[in-house]
Amino acid sequence: VTHSIPACIGSMTINSKQLDNESPVSIFAVNKCYETVQDGTFFDGSGFAALVREGYRVRSDVNITLEFRTTAVHGVLLGVSSAKVDAIGLEIVHGKVLFHVNNGAGRITAAYEPRGTNSLCDGKWHRLQANKTKHHISLIIDGNLVHTDNPYIQSTSADTSNPIYVGGYPADVKQNCLTSKSSFRGCLRNLVLTKGQHTELFDFSRAFDLHGVFPHSCPGAEH
């Protein structure tokens with residue numbers, strides 16, 4: 001076994017002596033336990049998860065679905081960006097969800113703004129679907145659709161071969177389709193990317209780089 005257990009451990013004794021887990025000699029990727037816990041991955045607002053070390057190719061079509069829960073009005077959800085301009089990005093800015101795509105000719109954005117007193121940053125689970133095709137991009141939040149046409153009809157493919165950064169990204173990594181540098185604070189679950197017939201559910205515990213991210217453990221309420 002080469003990975004840690006996604007669980008809570010308490011009241012450990014060795015030779016009848018209880019270990020003091022309040023002041024450990026060293027600690028790595030261990031968070032506090034919660035009395036109520038939900039399925040999901042907790043992002044503490046300080047870091048990111050990096051997936052697909054060998055690079056993800058967005059190309060002409062991709063469909064992204066995920067669920068998020070947050071009380072913060074700013075935060076990066078997901079980004080894939082080449083060193084040039086081709087990229088995609090999902091982020092929360094001033095309580096709106098923005099889906100940006102650049103196929104090489106310019107950035108296109110679909111923006112979802114909740115109506116009235118409804119908020120996406122209310123600490124409740126919200127379902128997001130972002131879809132990119134050659135000529136359109138769309139966002140569906142909790143069943144509500146917004147979409148934008150691609151005005152650059154000759155430019156249809158986001159030519160990336162770069163990691164997927166979720167919840168934030170390192171300071172030395174360029175992200176052409178994200179305007180925010182704020183790391184996400186809250187919980188994410190059920191991240192799925194679909195291309196054609198190929199569907200991939202991403203397990204954050206298999207990320208090649210994790211900072212401030214706790215897989216399989218989502219507190220039942222903000223702490």
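Trainee: Why does Glu113 count as exposed?

Mentor: In this predicted model, Glu113 has a relative accessibility of 51%. Exposed means over 50%, so Glu113 counts as exposed.

Trainee: What makes Glu113 and Lys96 a salt bridge?

Mentor: Their closest N and O atoms are 3.9 Å apart. The cut-off is within 4 Å, so the pair qualifies as a salt bridge. The pair links distant parts of the chain, 17 residues apart: Glu113 is in the loop between strand S9 (107–112) and strand S10 (126–132), and Lys96 is in strand S8 (residues 96–102).

Trainee: Why is Lys96 called partly exposed?

Mentor: The relative accessibility of Lys96 is 30%.

Trainee: Are Cys187 and Cys218 buried or exposed?

Mentor: Cys187 has 2% relative accessibility, and Cys218 has a relative accessible area of 0%. Buried means under 20%, so both residues are buried.

Trainee: Why is Cys121 too far for a bond?

Mentor: The closest cysteine sulfur to that of Cys121 belongs to Cys187 and is 14 Å away, which is too far for a bond.

Trainee: What makes Arg189 and Glu67 a salt bridge?

Mentor: The closest N and O atoms of Arg189 and Glu67 are 3.2 Å apart. This is within 4 Å, so the pair is a salt bridge. Arg189 lies in strand S14 and Glu67 in strand S5 (residues 62–69), so the pair ties together parts 122 residues apart in sequence. Glu67 counts as buried at 15% relative accessibility, whereas Arg189 is partly exposed at 23%.

Trainee: Which residues line the second largest pocket?

Mentor: Arg189 is among them, as are Asp203 and His216. Strand S14 (residues 185–195) supplies the largest share of the lining, four residues. The pocket holds about 210 Å³ of space.

Trainee: How do you know that Asp203 meets Arg206 in a salt bridge?

Mentor: The N to O distance between their side chains is 4.0 Å. Asp203 is partly exposed at 29% relative accessibility, and Arg206 is exposed at 71%.

Terms used: Residues are numbered from 1 along each chain as its sequence is written. This is a predicted model: local features need pLDDT of at least 70, side-chain atom pairs count only at pLDDT 80 or more; totals for chains, interfaces and linings use all residues. Side-chain values use heavy atoms; hydrogens and water are left out. On a 1 Å grid over the protein atoms alone, a cavity is a set of points where a 1.4 Å probe fits but cannot get out, and a pocket is an open set with protein on both sides within 12 Å along at least five of seven lines; lining residues have an atom within 4 Å of a point. Grid points are joined across faces, edges and corners, and a volume is the space filled by probe spheres set on the points. Helices (H or I, at least four residues) and strands (E, at least two) are DSSP runs, numbered from the N terminus. Buried means under 20% relative accessible area, exposed over 50%, partly exposed in between (1.4 Å probe, protein chains only). A disulfide is a pair of cysteine sulfur atoms within 2.5 Å.
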